[in-house]
Amino acid sequence: MSKYVIVGACAAGIGAVEAIREIDADGEITVVSEEQCSHYSRPMISDFVSGKANLEKMKTRDDQFWQKNNVTLVCKKAVGLNLSEHAVTLEDGTNVSYEKLLLATGGKPFVPKMEGQEKEGVYTFTNISDAEQLAQKINAGANRAVVIGAGLIGISVTDALTKRGVKVTMVELQDKILSLLLDATASEIVEAAVRKAGVNIITGQSVQKILGKPDNENQVGSVVLTKGGQVPCDMVIVAIGVIPRTELVAGTEVKTNRGIVVDGSMQTSVPNVYASGDVAEAYDFILNQNRQLPLWPLAVLEGRVAGYNMAGKKADYAGGTNMSSLKYFGIPIVSIGLANPKPDAALEILVNQDAENTVYKKLVLKDNVLVGMTFLGAIERAGILFYLMKNKINVQAFKDALLKDDFGLAALPESVRTQMNLE
Amino acid sequence: MRKIVAKQEHCIGCGICEVHCITQHSKSKDIIKAYNRERPRPISRVRLELNKPVSFAIQCRHCNDAPCASACLTGAMHKDEKTGLVTHNPEKCMGCWTCVMVCPYGAIKIDKEGHVVTKCDQCADLDTPACVANCPNGALECVEVES
Ligand SMILES: Cc1cc2nc3c(=O)[nH]c(=O)nc-3n(C[C@H](O)[C@H](O)[C@H](O)COP(=O)(O)OP(=O)(O)OC[C@H]3O[C@@H](n4cnc5c(N)ncnc54)[C@H](O)[C@@H]3O)c2cc1C
Ligand code: SF4
Ligand code: SF4
């Protein structure tokens with residue numbers, strides 16, 4: 001019997017281990033991971049493909065991390081969960097029993113049914129093994145790719161492929177790229193930079209089937225778009241979205257929606273069973289509801305909250321929201337919350353655009369409280385605004401200053417500066 | 001743990017702290033060379049906040065809960081176990097700007113040339129950080145706090 005069992009050893013799992021050890025120095029921790037080395041930065045697989053990073057650079061903790069934290073790391077896949085026995089079954093048939101369990105199994109790429117998807121040269125882009133296969137394919141001479149989906153992962157793989165000299169066509173069902181993060185103006189600015197780097201962008205369409213090469217049916221040779229056009233390519237990368245890996249709790253009492261349902265302590269509907277990270281549906285403080293938000297910083301924070309509660313220290317998850325920063329194609333971007341809301345009379349939108357040097361800033365307010373923002377080009381002060389958003393600070397008195405080029409802490413009223421504990 | 005605090009009432013907004021921060025983080029450690037010759041010019045990690053009549057200098061607060069460190073996608077930004085200082089390792093940084101997004105003080109600077117971030121390291125190899133030592137008005141001060 002291990003006091004704590006954690007399945008999944010990436011952002012959320014590591015966050016939980018660190019939090020548990022802050023409270024409980026000795027309680028036995030067993031971490032189950034199907035990946036041999038899971039303490040690497042998943043977002044950095046893009047730099048791995050482009051050649052900027054190797055596995056050593058990607059490690060978010062040193063190799064002694066598990067040992068230093070007195071963790072038994074079991075590199076096997078968990079295949080079953082027996083809630084009444086308090087045990088997790090591993091692929092080799094052994095059982096690990098727990099007092100407290102954390103499911104930090106993350107997500108898996110969503111791959112829609114497509115004719116030809118079994119062909120050699122079709123990839124997803126989620127883990128180091130995907131990145132290694134893709135890098136090998138490029139090393140072997142593949143130089144044309146179709147990326148399906150122009151979201152965060154689609155743009156990150158496109159950036160890497162482009163740096164390797166691969167000619168990429170992005171195919172996106174929505175009418176613009178990064179549609180979950182950017183409004184039309186911001187998306188257009190980024191699109192121009194992506195196209196300038198030689199990428200072909202096709203919006204409003206998807207891929208209906210993948211065809212083989214004329215001389216080898218089993219190898220990717222082209223894709224057929226939904227409106228009928230054909231794009232020749234050597235590889236197809238499917239980057240449409242992430243689905244929570246809930247398979248361990250399927251058929252159990254643990255309540256799921258899209259992801260595993262959790263409360264503010266990250267506990268599931270079953271006592272002593274917790275979930276965090278991409279697999280869970282945690283609180284979004286802007287939408288005021290729980291939902292899946294597959295983001296690294298949130299996975300870490302959720303894992304930490306779960307860890308504290310598992311170790312007996314009450315902790316409440318303050319919530320996150322859709323929040324991403326991007327570095328791709330040379331344009332720094334920060335987009336948080338309702339950055340691109342549907343027209344709504346209750347929302348006030350402030351914009352500052354400087355088209356020449358691609359600076360675009362947009363704030364979305366509701367009752368004088370920030371609920372969304374997009375910063376493009378000049379992002380260094382974005383965190384101050386995120387603070388105002390997270391703490392629901394009424395900005396009416398200093399609204400005019402928010403988007404000025406020289407906006408900073410000195411523009412905040414003294415009461416806010418005092419709250420921020422500046423001195 | 002040491003913290004740098006700003007005395008707003010003493011700050012005259014001269015920006016000398018920035019000059020000395022740049023010099024201290026330059027290769028030559030020489031004011032003139034750091035400004036005129038070193039390219040890219042080193043980045044000041046302290047920022048003069050000016051909104052007359054308010055002025056004060058701000059740098060990384062080395063927060064206890066360090067939002068930047070828990071958000072960092074790579075482990076580059078981390079709390080040093082020994083010193084308690086929030087420390088950045090440029091070798092690990094992928095320049096994803098996630099820490100920039102979550103720092104409430106806007107204290108993280110983007111190094112455009114290096115495609116990484118940079119921030120106050122409290123001049124680890126000096127007894128007194130350069131900004132504190134060189135403020136002509138005593139508007140920056142080091143205090144010891146519990147970490
Ligand atoms: C290319 C790419 C770019 C990204 N860029 C960003 C970004 O810029 N910003 C951002 O915030 N987020 C980004 N993300 C998302 C971020 O990586 C995830 O949100 C984060 O990794 C989630 O952490 P997690 O611990 O919940 O799950 P994961 O990181 O998915 O870890 C889960 C672990 O559990 C293991 N596991 C699952 N099931 C089992 C089982 N049954 N038995 C044993 N082990 C199991 C998995 O193999 C994996 O190692 C990106 C992701 C990708 C793929
Ligand atoms: S960089 Fe910002 S968030 Fe990080 S410790 Fe310093 S002040 Fe706090
Ligand atoms: S920019 Fe560097 S330090 Fe900041 S979060 Fe990204 S990897 Fe970490």
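## Secondary structure of chain B

Helices (H or I, at least four residues) and strands (E, at least two) are DSSP runs, numbered from the N terminus. In this predicted model, the elements of chain B follow the order β-α-α-β-β-α-β-β-α-β-β-α-β from the N terminus on. Chain B holds 5 helices and 8 strands. Its radius of gyration is 15 Å, close to the 15 Å of the globule rule for 147 residues, so chain B is as compact as a globular protein of that length; the radius is taken over C-alpha atoms, and the rule is 2.2 Å times the number of residues to the power 0.38.

## Burial and contacts

Of the 147 residues in chain B, 56% are buried, meaning under 20% relative accessible area (1.4 Å probe, protein chains only). C63(B) counts as buried at 17% relative accessibility, and C96(B) is buried at 11%. Over all chains, the search of the whole structure finds 0 disulfides, a disulfide being a pair of cysteine sulfur atoms within 2.5 Å.

Contacts (heavy atoms within 4.5 Å) between residues at least 6 apart in the sequence of chain B join residues at least 24 apart in 57% of cases.

## Surface

The accessible surface of chain B is about 7000 Å², with 50% belonging to carbon and sulfur atoms; areas come from the Shrake-Rupley method with a 1.4 Å probe.

## Conventions

Residues are numbered from 1 along each chain as its sequence is written, and chains are lettered from A in the order in which they are written. Local features need pLDDT of at least 70, side-chain atom pairs count only at pLDDT 80 or more, and totals for chains use all residues, while side-chain values use heavy atoms, without hydrogens and water.

Key
Buried < 20%, exposed > 50% of the residue type's maximum accessible area, 1.4 Å probe, protein only.
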